Amino acid sequence: MKLTRRNFIKLGAASGAAAATAPNILKAMETELGGKDFSAQTHAERTAVPYTCLVCNIEDGGLAFIEDGRIVKLEGNPKHVSTRGRLCAKGNSGIWHVYDPDRILYPLRRTGPRGSGQWKRISWDEALTEVAERIKTVLDKGHPNEIMFKWGRDRSGGATGRFMQTLGTNTGVNHTSICESSKKIGMQPTWGPDIETPDFAKTKYILNFGSNIIEAAYFHNPYSQRIAEGVAENKAKLVTFDVRLSNTAGRSDEWFPIFPGTDGIVALAMANVIMQEGLADKGFINDWTNYPADKLAAYLKQYTPEMAEKYSGVSAKDIRRIAIEFASTKPATTYTYRGPAKHLYGSYNERCIMLLPIITGNVEVKGGYCLPRGMGYDQPQPAPPKGKEPSYLSKPPDYPLAEHKVSHLVPFWIKDGKQKVSVYFSYMHCEAFSNPAASVWREMLLDEKLIPFSVTFSNQMNETTNIMDLVLPDCAYLERHDPESMPSSLWPWLGLRQPVVKPLGEAVEFREVLKKIIHKVDPDNRRGMKKYWEFKDGEDYLKRQFDNIPGLKEAGGYDFLKKHIHVEEYEKYGFNPLPVFKPHPWHWNKDGSSKLKQGEMIMTTFKWNVHTQSRTTNIKWLNELVHSNPAWINKAAADKLGVKDGDLIRITSPVGYMVTKAKVTEGINPKVIAVSNTLGMKFGRIAIAKPKDSAPQWAGQTEDPDVNGNLWWKATGVNPNEIIPVSADPIGGSQGWYDTVVTVTAAQPGDKFGDVQADNKKHYDFYKETLRYAYTGDKHREMHPEVKVGKLPAPELK
């Protein structure tokens with residue numbers, strides 16, 4: 001996209017973190033309604049510093065108001081074209097990521113056994129020297145792939161990958177398989193990008209599958225605004241298929257409590273109705289897809305509404321009616337998130353739902369299902385080359401399409417000896433809490449034979465930090481630099497994250513720490529590494545990064561941004577190249593009858609709108625709003641168990657059990673029990689609601705009087721991740737978060753609230769079970785007899 005000063009502003013460069021005082025060209029009446037704040041003491045206007053949020057992955061634009069060098073208020077940036085002056089509750093509470101009294105502000109070295117909680121404060125030079133010496137030992141042996149990097153939400157603009165490439169390691173895994181990898185792998189072979197950006201504000205009809213889009217899904221802030229506009233101003237109809245009555249389902253015109261993992265067959269049945277009723281856009285299908293409309297219609301005949309009702313519980317009558325409404329209303333769009341994707345065959349579900357806007361010609365039209373708009377950026381030059389040899393974790397042969405995205409199986413692969421690790425880095429992730437089989441992650445990270453040396457960049461003590469060897473505390477997101485461009489609306493925008501205050505204590509920006517490590521490893525550039533990290537600081541790194549964007553330099557470059565911030569591939573491996581429904585073998589018999597026994601249910605998880613996995617567990621405002629996560633159970637199911645609202649219940653999975661309280665409600669499928677996966681952390685005084693008269697965990701931090709005086713609630717969170725066994729979509733690699741078969745009973749004698757027991761041997765057995773469904777060359781054809789392909793060679797791995 002060619003940029004000039006004029007169209008850069010017009011197309012959204014004035015979004016993201018925009019300055020409080022805008023150029024005259026941007027001064028409009030509505031911008032005067034926000035962007036200013038005044039001191040309660042002096043009445044003087046407070047300094048406003050623009051920034052980009054990072055409490056979750058939406059990257060909202062915000063303004064931080066500063067008084068006496070301290071952040072006193074956060075609010076949305078009115079000039080951000082995507083979020084338009086609004087922040088969610090998590091964003092408004094971001095101040096406490098900086099001023100959390102239990103935040104780690106200086107490097108720590110473990111002095112006792114892993115997990116003992118025994119730490120010693122050390123200098124940065126000591127910490128960096130120790131890390132560099134460990135790295136050099138591995139490199140000198142010629143085994144760079146033994147350096148492993150595990151990250152969650154990496155918004156460093158490629159700095160993590162640059163660090164790995166500099167060291168020559170390919171052993172890097174992200175968190176995507178516990179998030180949305182099957183959605184991505186479902187979409188990429190279908191139309192290129194791995195995400196969609198529907199034009200909700202201009203649409204007339206929205207089919208929402210498994211997304212709590214109004215409060216907790218990807219881009220919920222910008223999307224919820226536009227859905228509200230579409231519904232209120234454009235009279236759009238919103239129809240939601242979800243196992244649970246989320247706030248989105250509750251605000252929909254119609255809600256269908258679908259059985260988990262059957263979204264795909266409902267979509268296929270709708271597509272069949274649309275084709276048979278003559279409502280499809282055959283011209284679009286024939287011109288823009290690689291499968292003729294007549295052949296597609298013949299293929300879809302097998303997926304009848306009656307068949308879909310048998311699996312999903314949604315009546316055939318409603319499936320027909322909604323299909324005809326959707327196809328007859330123009331424009332229309334679909335939307336999905338984790339609901340359809342987090343299953344054994346989640347990628348198939350995603351592709352089935354994508355079929356609906358495709359066959360109705362609603363792709364890339366006003367009010368339709370649109371491609372994402374974003375603006376990319378390169379790495380500063382010179383850039384290091386990629387590592388020469390793939391590691392097992394970067395290209396696991398069992399998951400050739402998902403590749404490095406299958407991160408939740410990592411501890412099993414390491415325990416099996418498939419990948420040796422000598423140095424382990426953890427960044428922006430709490431894998432011993434947020435992952436399925438969390439107890440297996442802890443077991444691996446505690447084992448010094450499997451993981452001889454481990455480092456975290458966390459500034460919070462949590463289940464993972466507690467079992468690391470070294471803590472190198474990163475800055476809070478309001479103290480650091482990052483480039484940003486997210487497809488959160490149909491306006492493409494480019495922006496940056498910049499410090500609004502100086503880092504507290506001895507915290508150092510992540511990108512700067514990586515540079516210092518490289519300089520320790522290669523001080524004289526004899527290894528050829530230092531030359532890739534010759535930048536002054538994080539701001540200098542970003543300036544070089546943005547210099548490569550055509551037109552931005554002419555628009556004013558980095559300084560301007562600072563002020564205005566703003567399937568054929570399936571067939572190759574034996575997977576069906578057409579959208580297909582595959583019943584989950586844990587849930588369904590081959591004849592389509594239910595495999596669930598009396599008293600068995602499917603456990604699903606969900607995210608509260610004010611929490612983000614482990615990142616918000618010690619944020620006081622958010623914990624005051626939501627500090628418990630009872631198990632949602634349908635009233636009919638509860639009545640059969642003799643369970644009332646608030647009673648203790650035991651949930652037993654194939655690998656363990658948990659004891660928690662029941663939330664009895666009509667708002668959930670009768671065969672489903674749902675527990676949020678956010679709360680239940682054992683670290684942080686706010687997270688555990690520790691009684692008053694305690695002190696900050698780490699010397700040097702300032703106490704927050706609320707901790708001693710205003711924590712009125714009790715910690716009533718029980719995290720289910722320890723009793724969720726691993727499973728992986730053989731295509732997209734996603735964890736089957738919503739597949740676990742459990743039994744639910746009233747609490748047994750001796751059960752106490754918060755009891756959690758997990759058997760790691762059973763976790764390992766389930767890991768072996770999920771490999772039965774992975775790609776295995778010729779054997780894989782037995783799972784998919786409808787695919788007629790030749791012999792499939794197993795991928796080579798050096």
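Is tyrosine 51 buried or exposed? In this predicted model, tyrosine 51 counts as buried because its relative accessibility is 0%, and the cut-off for that class is under 20%.

**Aromatic pairs**

A pair of aromatic rings is described by the distance of the centres and the angle of the planes. The count for this model comes to 37 aromatic pairs. One of them joins tyrosine 51 and tyrosine 477 in a tilted arrangement. This pair links distant parts of the chain, its members being 426 residues apart. Tyrosine 51 belongs to strand 1 (residues 47-52), whereas tyrosine 477 lies in the loop between strand 14 (470-471) and strand 15 (482-484). Tyrosine 477 also counts as buried, because its relative accessibility is 6%.

Another pair is formed by tyrosine 311 and phenylalanine 581, with an edge-to-face geometry. Both tyrosine 311 and phenylalanine 581 are buried. The geometry of the two pairs is set out below.

| Aromatic pair | Centre to centre | Angle between planes | Class |
|---|---|---|---|
| Tyrosine 51 and tyrosine 477 | 6.4 Å | 45 degrees | tilted |
| Tyrosine 311 and phenylalanine 581 | 5.1 Å | 65 degrees | edge-to-face |

The tyrosine 311 pair is classed as edge-to-face because its planes are 65 degrees apart and that class requires an angle over 60.

**Aromatic cluster and charges over rings**

One aromatic cluster is formed by Phe149, Trp151, Phe163, Phe425, Tyr427, Phe457, Phe510, Trp533, Phe535 and Tyr541. Phenylalanine 535, a member of this cluster, has lysine 515 over its face, at 5.5 Å from the ring centre. A further lysine, lysine 183, lies over the face of tyrosine 335, at 5.6 Å from the ring centre.

**Helix 6**

Lysine 183 is also among the buried residues of helix 6. This helix spans residues 181-191 and is mostly covered, with nine of its 11 residues buried. Besides Lys183, the buried residues are Ser181, Ser182, Lys184, Ile185, Gly186, Met187, Pro189 and Trp191. Glycine 192 follows helix 6 and has a positive phi, near 105 degrees.

**Threonine 605**

Threonine 605 is located in strand 17 (residues 600-606). Threonine 605 counts as buried because its relative accessibility is 6%. Which residues are in contact with threonine 605, leaving aside its neighbours within four places in sequence? They are Val675, Asn677, Pro720, Ile724, Trp737 and Tyr738.

Key:
Residues numbered from 1 in each chain as written. Predicted model: local features only at pLDDT ≥ 70, side-chain atom pairs only at ≥ 80, totals over all residues. Heavy atoms only, no water. Phe/Tyr/Trp six-rings, centres within 6.5 Å; stacked < 30°, edge-to-face > 60°. Helix = DSSP H or I, 4+ residues; strand = E, 2+ residues; numbered from the N terminus. Buried < 20%, exposed > 50% of the residue type's maximum accessible area, 1.4 Å probe, protein only. Lys NZ or Arg CZ within 6 Å of the ring centre and 35° of its normal. Contact = heavy atoms within 4.5 Å.
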